[in-house]
There are 2 protein chains.
Amino acid sequence: MRKAHVSIIGAGQFASVMGNVVAQNVADSEDFDSRIVMYVYEPPLQSGRSIAQEINENHLNVSLQPPMQMRENLVASTDLAQCAASADFLIFASPHQYLEALLEDMKVHVKRSALAISLSKGFYFEDGELLLATAQIETALGIPCLALGGPNVADQIASCELAETTIGYRQREHALPFCKLFGNATFKVRAIEGVEGVQTMGALKNIVALGVGFAQALGVGSNTTALIMRRGISEMFAFTKLFFPDVSFEFLLESCGIGDLITSCTSGRNLRCAKAFALGHAEQVTWASLERTMLNGMSLQGPLCLQQVHKALSKREQKRDFTLFEVLYQIAFEGAQPALLLEVLSHNMPHYVVI
Amino acid sequence: MRKAHVSIIGAGQFASVMGNVVAQNVADSEDFDSRIVMYVYEPPLQSGRSIAQEINENHLNVSLQPPMQMRENLVASTDLAQCAASADFLIFASPHQYLEALLEDMKVHVKRSALAISLSKGFYFEDGELLLATAQIETALGIPCLALGGPNVADQIASCELAETTIGYRQREHALPFCKLFGNATFKVRAIEGVEGVQTMGALKNIVALGVGFAQALGVGSNTTALIMRRGISEMFAFTKLFFPDVSFEFLLESCGIGDLITSCTSGRNLRCAKAFALGHAEQVTWASLERTMLNGMSLQGPLCLQQVHKALSKREQKRDFTLFEVLYQIAFEGAQPALLLEVLSHNMPHYVVI
């Protein structure tokens with residue numbers, strides 16, 4: 001029986017860690033070819049050598065800081081058309097903003113029988129609708145696309161700390177091959193029906209983390225933190241339902257829901273930068289300056305997502321149902337004092353509700 | 001119209017903080033008498049004065065460290081029979097272990113028309129069944145009893161930090177007076193149908209916090225912490241359903257569910273002591289020694305609850321469905337190495353599940 005081929009699109013930190021997970025799983029597989037291909041977009045390095053060369057000759061991804069050791073059965077390629085054409089399973093792990101251009105270059109090459117999965121966390125708001133990576137991929141390539149998301153801090157997965165993730169599928173039979181590609185003794189996969197919730201919650205949880213970061217700068221204790229996270233979950237779900245009414249309640253309790261939320265609200269970039277943003281409010285610290293000083297120029301997902309959410313809610317005239325998201329937008333982008341967060345929550349919640 | 005009388009049974013820290021919340025709410029109320037009564041059990045103080053005297057003359061609860069300022073319309077009493085007889089609304093906030101004796105002394109005095117609410121977090125396993133405080137109160141006094149629970153760290157409520165709580169009711173019309181007694185601008189109440197889930201989750205979340213504490217001692221990152229908390233929620237719910245099959249899924253997303261869990265797993269006594277327990281494993285640190293050194297002799301709820309849970313699951317022969325709870329029991333009480341936690345979770349979870 002012919003073994004299936006796997007390509008990964010992207011060579012950033014998460015792509016590389018996931019690439020190693022997949023490379024290990026296919027090494028002695030009955031189902032998959034033991035070599036996986038990773039598409040690397042690159043300008044040549046200063047040394048004259050290329051990132052792909054370094055990966056293929058020294059098994060070292062030198063585009064990362066620190067460089068990451070790659071498994072020997074992972075082969076880098078700069079030929080996107082070939083990566084697309086050879087793949088039975090396509091794993092998208094490139095930053096969301098490059099997706100459209102990549103898809104444009106890939107679409108004539110992809111096998112009609114291929115399946116894709118998106119590891120991206122983010123969405124765009126376009127013509128009044130939320131545009132998810134899975135939908136972009138399905139539309140451009142004409143093949144089904146699943147989604148993966150969970151509390152998956154890359155370096156912790158790389159060091160084989162126990163973690164779990166959620167794969168969202170639309171057709172049950174599509175889930176199994178991806179479960180086999182990703183699941184292992186320390187990286188546990190739960191596959192559930194539905195691709196939208198996995199992606200919206202993966203993006204929206206970063207907004208809630210901003211809220212927890214602002215609140216921490218204000219010195220709140222654990223009661224208030226828990227309230228903000230719970231309020232956040234409720235707005236995450238309500239926002240998801242606004243655009244994708246079929247997403248079920250059960251999603252919230254999966255690793256892509258509360259699992260990912262817990263991780264993002266107890267550690268991570270959005271939390272840290274939001275705290276610094278609120279503490280530096282008087283000195284007019286900006287998101288751009290924080291990205292430079294705290295993230296080595298990497299972009300922060302939470303503020304980007306918050307802008308998309310604000311745009312989407314404004315267009316639909318539904319801002320008033322999203323008290324938390326809206327006050328976070330005012331603090332993050334309209335110069336409001338961080339303390340407004342607690343004022344608004346106190347004033348907008350009734351003293352009691354009987355349900 | 002006659003105004004209703006409120007009594008609080010208990011004068012510990014949580015009872016006192018809640019007493020002040022209620023005292024403020026009744027101060028100018030149409031519905032309630034403006035004086036509330038707090039039952040104080042006491043041996044006389046060394047000074048010859050009593051705790052009740054100090055509260056009534058100086059409005060200071062000197063039984064707490066540091067002493068707490070009490071509202072002037074809160075009156076202390078050492079006469080349990082009178083506290084019981086005068087009350088239209090009875091608030092139980094004494095430690096669970098004194099409840100049986102208190103009820104025995106109160107039962108002939110309580111008004112038949114009174115309503116009760118339990119603020120206690122804990123349960124006992126007796127004759128193969130879980131015995132909740134609400135059931136004990138209802139059986140002994142013959143009046144309905146509601147339950148209150150949430151991420152409610154007492155000193156944060158006392159300093160008016162924003163917080164929320166859940167009141168569980170069996171009959172909707174019983175919820176409103178308690179909502180009015182507890183809800184205010186910074187302490188928000190959501191009342192939902194059902195009393196069992198509020199109490200079981202309030203108790204079980206302490207077990208999960210032990211797990212997070214053990215894991216932190218092992219140096220795990222946020223991926224694994226999120227996994228343990230999510231696994232914890234799932235066992236909390238399964239355990240609850242075993243004894244109370246009617247408890248609905250929605251409970252998990254209330255403040256008494258994930259809200260309280262988040263607080264307990266990010267701060268609090270059980271988390272801190274479990275971390276110290278695991279770090280001191282080689283030196284055979286015990287729960288009793290930690291209670292002495294870290295808690296001034298106060299007892300830790302998590303280990304007590306874990307013993308009840310273990311007893312309940314053993315009797316029902318259902319230990320194998322509760323992998324997390326059982327490995328925590330082995331570490332907490334049977335001398336197992338803390339590292340067993342991660343080993344068991346890794347080995348017992350399949351690489352993937354398709355749901």
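**Entry 1: ground rules**

I take helices (H or I, at least four residues) and strands (E, at least two) as DSSP runs, numbered from the N terminus. I am working with a predicted model, where local features need pLDDT of at least 70 and side-chain atom pairs count only at pLDDT 80 or more, while totals for chains, interfaces and linings use all residues. Residues are numbered from 1 along each chain as its sequence is written, chains are lettered from A and ligands numbered from 1 in the order in which they are written, and side-chain values use heavy atoms, with hydrogens and water left out.

**Entry 2: the two copies**

**Entry 3: the interface**

Next I looked up contacts, meaning heavy atoms within 4.5 Å. I find 57 residues of chain A in contact with 57 residues of chain B. For buried area I use the accessible area (1.4 Å probe) that two parts lose on being put together, summed over both. About 5000 Å² is buried between chain A and chain B, and carbon and sulfur atoms give 60% of it. On the chain A side, I note that A:Leu162, A:Asn223 and A:Arg230 lose the most area to chain B, together 16% of what that side buries.

I then asked for polar contacts: pairs of N or O atoms within 3.5 Å, where within protein one must be able to donate a hydrogen and the other to accept it, and residues adjacent in sequence count only if both atoms are side-chain atoms. The rule finds 36 residue pairs across the interface, both at pLDDT 80 or more. Elements giving two or more residues to the chain A side include helix H7 (172-182), helix H9 (222-243) and helix H10 (255-266). H9(A) brings the largest share, eight residues. By class, I get 32 nonpolar (Ala, Val, Leu, Ile, Met, Phe, Trp, Tyr, Cys and Pro), nine charged (Asp, Glu, Lys and Arg) and 16 polar (the others, Gly among them).

**Entry 4: salt bridges and strands across the interface**

A salt bridge here is a side-chain nitrogen of Lys or Arg within 4 Å of a carboxyl oxygen of Asp or Glu. In one, B:Glu164 meets A:Arg230 at 2.6 Å, N to O. B:Glu164 lies in strand E11 (residues 163-169) of chain B and A:Arg230 in helix H9 of chain A, so this pair joins two chains. A:Glu254 also bridges to B:Arg230, with the closest N and O atoms 3.9 Å apart.

Strands pair if DSSP finds at least two bridges between them. Three bridges join E13(A) to strand E12 (residues 187-193) of chain B, running parallel. There, A:Val354 has B:Ala191 as its bridge partner.

The peptide bond from A:Gln65 to A:Pro66 is cis, omega near -5 degrees. A:Pro66 sits in the loop between strand E3 (60-61) and strand E4 (68-69) of chain A. In chain B, a cis bond joins B:Gln65 and B:Pro66, with omega about -5 degrees.

I also noted A:Asn296, not a glycine, yet with a positive phi of about 50 degrees. A:Asn296 is in the loop between helix H12 (287-295) and helix H13 (301-315) of chain A.
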